[in-house]
Amino acid sequence: MADALPQEAHVPAHGHAAGHGHGEQNFFMKYLWSTDHKMIAFQYMFTGMALAMIGAFMAYVFRMQLAFPGHSVPGYGVVTPNNYNALITNHGSIMIFWVAMPVLIAGFGNFLIPLMIGADDMVFPRINRLSYQIFLLSALILVASLFVQNGGFGGAWTAYPPLSAVQRYNLTPIGASMWVIAVALEFVAFLLGGINFIVTSMNSRTRGMKAFDTPIVIWTIVIASILFMASVGPLIAGAVMLLFDQLLGTSFYDPNRGGDPILWQHLFWFFGHPEVYVVLFPAVGIVAEVITVFARKKLFAYKTVIYTFIGTGILSFFVWAHHQFVAGIDPRMANVFTVTTVLISIPIAEMMFVYIATLYGGSITLASPMLWALAFIGEFLIGGVTGIYLGASGLDIYFHDTYFVVAHFHYTFFPIAIIATFAGITFWFPKMFGRMMNETANKIHFWGTIIPFNGIFIPLFFLGAAGEHRRIFDYSSFPHLATPELQALRITATVSLIVMLLFQPIFIINFIMSAIRGKKAEKNPWKSNTLEWTADSPPPHGNWAEMPVCYRGPYEYHVPGRAEDYWPQNLPPDAQEAH
Amino acid sequence: LSTTRTIATQRSAMGLPTGRLAIWWVLVSEIVIFGGLLMSYVMHRIGHPEWGAEAAHTNTWLGATNTLVLLTSSLSAVLGHQAAEQGNGKKAARYLYFTFLGGLTFLIIKSFEWTAEIREGFTIQAGGFWSFYYTAAGLHAFHVLCGMLIMLWVANSARKNQDLHRVENIGIYWHFVDIVWIFLFPLLYIAK
């Protein structure tokens, strides 16, 4: 079947590049108007990181308020109830839609897909650029919404109506609409990006590369894009309906006008739960790439893992109402959703075992990407296991809207959005910037992040189990609920957060300094098999002068009979070891 | 804009042209957008039998005329595809312009309809049925408008025998817009 493909891989790739322009681009064309998938990946990644800092600052402010209510927060001032609501709402929205999505899917997807399948770019480079521009616009609208009259939207990231739909309830007439518009634009950006990812991976694999020769991370990004595409539609329609409720006075959600607020919850969570897997899949893909390289072992059960991901993706469409157990849905329906929710932990557990089986008997190197990957497995496990408690509809009636829920989803989202991202960045940094990161600084940053992370969220499990409600702005206003004996836990969480934030500049400085004057990286510093490591570090526009040809799967480590413990995908079967 | 084509765009590991593969994925995302909206409407409609009386105020004859107009415009999109397959860009463009006119007629009839309804006081704020009526039909009309603009662009290059494969792609999209209307018409006009 490889012979049926066009012969372009044999000729030097420069004939095609008439419109690409090499070298003579000005700053604007090169960094802001580029159609190069790597530049767009960096745009997404850096925008995501900038917003992560805003989101982290918000977390600092409201954690300070929760531990020391009423005191002026250094760097922010006194937190009013409206400020508090806007902070938690936008913290959640930013971290999921403007950090996890752009960095994990759009950032790594854009960087890795063409390089890993041996293509020069995405199939639609200009749509790719448009996707980022719409995303940037959405981010600007969101950030601007924090500074309009009456402040940013404060109805939580789930934006339940009637609070979100009616101005006299949410008190943020402008902020609420800007929030909805920003989210809807962000969805459009990722639909455009997702179509690019899916079509590129399906249609543009290089000569000899079959679907089952592509690395796991490509599969997971594509499955995530399909999941996103299939689940976000109702919410796009729902966002338009919410916007019309806010601005035109329609009656979709407001019960006073004959609407149904539960409708929004269904539309939101029909997207919102698959969304968890949309961001989880790229993360587990990144982790799979890292652990195979640093354990020097073939990924255990490659095909089974792919089928498991597809199965998980399908199942993820049938669990959404577990977010609505206390919203007044039929208890019989709640039972069904309990069963599907507990069922979905089976494939995720299988994935965990696959990673452990891959590690088993490997020659493990504890380099910083590997530390992050191992931390992902351990921390996500805690998030997964606590999810089983919440998935049981009976227990959820007690746990609902307590800090137990907050701790649970941070134990899933933090490993996904932060830990896996650091694993990916430390792993692909040499390819991205052509230089090595400082390993000592990376390790200090790793421990300085992981230990305080647990320090933040383990106390929140106990707080939640003791009944602390997540929507209360100042516990001292409710003396009979204030539980002074829990105050130490609140302070522990806040102090841990501050410690964690103080360790982050180490990473940022290391990132910038290494990119400028780190040790020069060779083509393949980790001795990995996948195709991106056969390009120059960093790869030029067009990636390869001559497109690579693929001869085997991506995880052929320690193949018996070979002197070297790896076997790059592009090496012809009869080639000698030396290369 | 220059016609930049990457090597990636020209490959076809699935045996399908890249553009056609992409347009099908666009339709997948569109199907769930309209699917979510229409499912919400149907669920509400079942819960509100009194909406039937509201729906009786819609103009079924104009709706039926518009159905006919859209179906006819789809026919000329098919004929345009056929012409493009034969390499006759000029003829394909003529059919696409005809489809464009169909879309325009559809929008003109629609605006007459809406003007009459708004005059009678059935605005988007007049209750649940009218909220869905204007939102669903409006979202569809927005797709018609986008399709028309893209069609014009495709036809203009087809006229010069350029990018003839796009004639088929815009046709696939146009059929989808047509099919959405086939769902909207009975749901909003006929079901009283």
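View 1. Asp401(A) counts as buried, at 16% relative accessibility. This is a predicted model. Arg470(A) is buried too, with a relative accessible area of 16%. The two residues form a salt bridge, and their closest N and O atoms are 3.4 Å apart. Arg470(A) sits in the loop between helix H14 (439-465) and helix H15 (487-517) of chain A, while Asp401(A) sits in the loop between helix H12 (393-399) and H13, so the bridge ties together parts 69 residues apart in sequence.

**View 2. A salt bridge in chain B.** Here the side chains of Arg20(B) and Glu168(B) meet, 3.4 Å from N to O. Arg20(B) belongs to helix H2 (residues 18-47) of chain B and Glu168(B) to helix H7 (residues 165-190), so the pair ties together parts that are 148 residues apart in sequence. Arg20(B) is partly exposed, at 26% relative accessibility. Back in chain A, salt bridges with shared partners join Asp401(A), Arg470(A) and Arg471(A) into one network.

**View 3. Asp254(A) with Arg257(A).** These two residues form a salt bridge; the closest N and O atoms are 3.1 Å apart. Asp254(A) is buried, at 3% relative accessibility. Arg257(A) is partly exposed, with a relative accessible area of 32%. Over all chains, the structure holds 15 salt bridges.

**View 4. Phe108(A) against Trp428(A).** Over all chains, the count of aromatic pairs comes to 80. In this one, the ring centres of Phe108(A) and Trp428(A) are 5.9 Å apart and the planes meet at 50°, so the pair is tilted. Phe108(A) lies in helix H3 (residues 81-117) of chain A and Trp428(A) in helix H13 (residues 403-433), so the contact ties together parts 320 residues apart in sequence. Phe108(A) is buried, at 0% relative accessibility. Trp428(A) is buried as well, with a relative accessible area of 0%.

**View 5. Tyr389(A) and Phe404(A).** The ring centres of Tyr389(A) and Phe404(A) are 6.1 Å apart, with planes at 65°, so this pair is edge-to-face. Tyr389(A) comes from helix H11 (residues 368-391) of chain A and Phe404(A) from helix H13; they are 15 residues apart. Tyr389(A) is partly exposed, with a relative accessible area of 41%. Phe404(A) counts as buried, at 8%.

**View 6. Arginines over aromatic rings.** The charged end of Arg552(A) sits over the ring of Trp567(A), 3.9 Å from its centre. Arg490(A) lies over the face of Tyr475(A), and the distance to the ring centre is 4.9 Å.

**View 7. A nonpolar patch on chain A.** Phe27(A), Phe28(A), Met29(A), Tyr31(A), Leu32(A) and Trp33(A) make a nonpolar surface patch of about 600 Å². One of its members, Leu32(A), lies in helix H1 (residues 27-32) of chain A. Leu32(A) is partly exposed, with a relative accessible area of 47%.

**View 8. Chain B.** Seven helices and zero strands make up the elements of chain B. The C-alpha trace spans about 55 × 30 × 25 Å along its principal axes. Chain B has 192 residues, and 50% of them count as buried. Among its contacts with a separation of 6 or more, 79% join residues 24 or more positions apart. Chain B exposes about 8,900 Å², of which carbon and sulfur atoms supply 68%.

Technical notes. Residues are numbered from 1 along each chain as its sequence is written. Chains are lettered from A and ligands numbered from 1 in the order in which they are written. This is a predicted model: local features need pLDDT of at least 70, side-chain atom pairs count only at pLDDT 80 or more; totals for chains, interfaces and linings use all residues. Side-chain values use heavy atoms; hydrogens and water are left out. Rings of Phe, Tyr and Trp (its six-membered ring) pair if their centres lie within 6.5 Å; planes under 30 degrees apart count as stacked, over 60 as edge-to-face and the rest as tilted. Helices (H or I, at least four residues) and strands (E, at least two) are DSSP runs, numbered from the N terminus. Buried means under 20% relative accessible area, exposed over 50%, partly exposed in between (1.4 Å probe, protein chains only). A charge sits over a ring if NZ of Lys or CZ of Arg is within 6 Å of the ring centre and within 35 degrees of the ring normal. Patches are made of residues with over 30% relative accessible area and no salt bridge: like charges are joined within 9 Å, nonpolar side chains (Val, Leu, Ile, Met, Phe, Trp, Tyr) within 5 Å. Accessible areas come from the Shrake-Rupley method with a 1.4 Å probe; for residues, only the protein chains shown count as cover. A salt bridge is a side-chain nitrogen of Lys or Arg within 4 Å of a carboxyl oxygen of Asp or Glu. Contact means heavy atoms within 4.5 Å.
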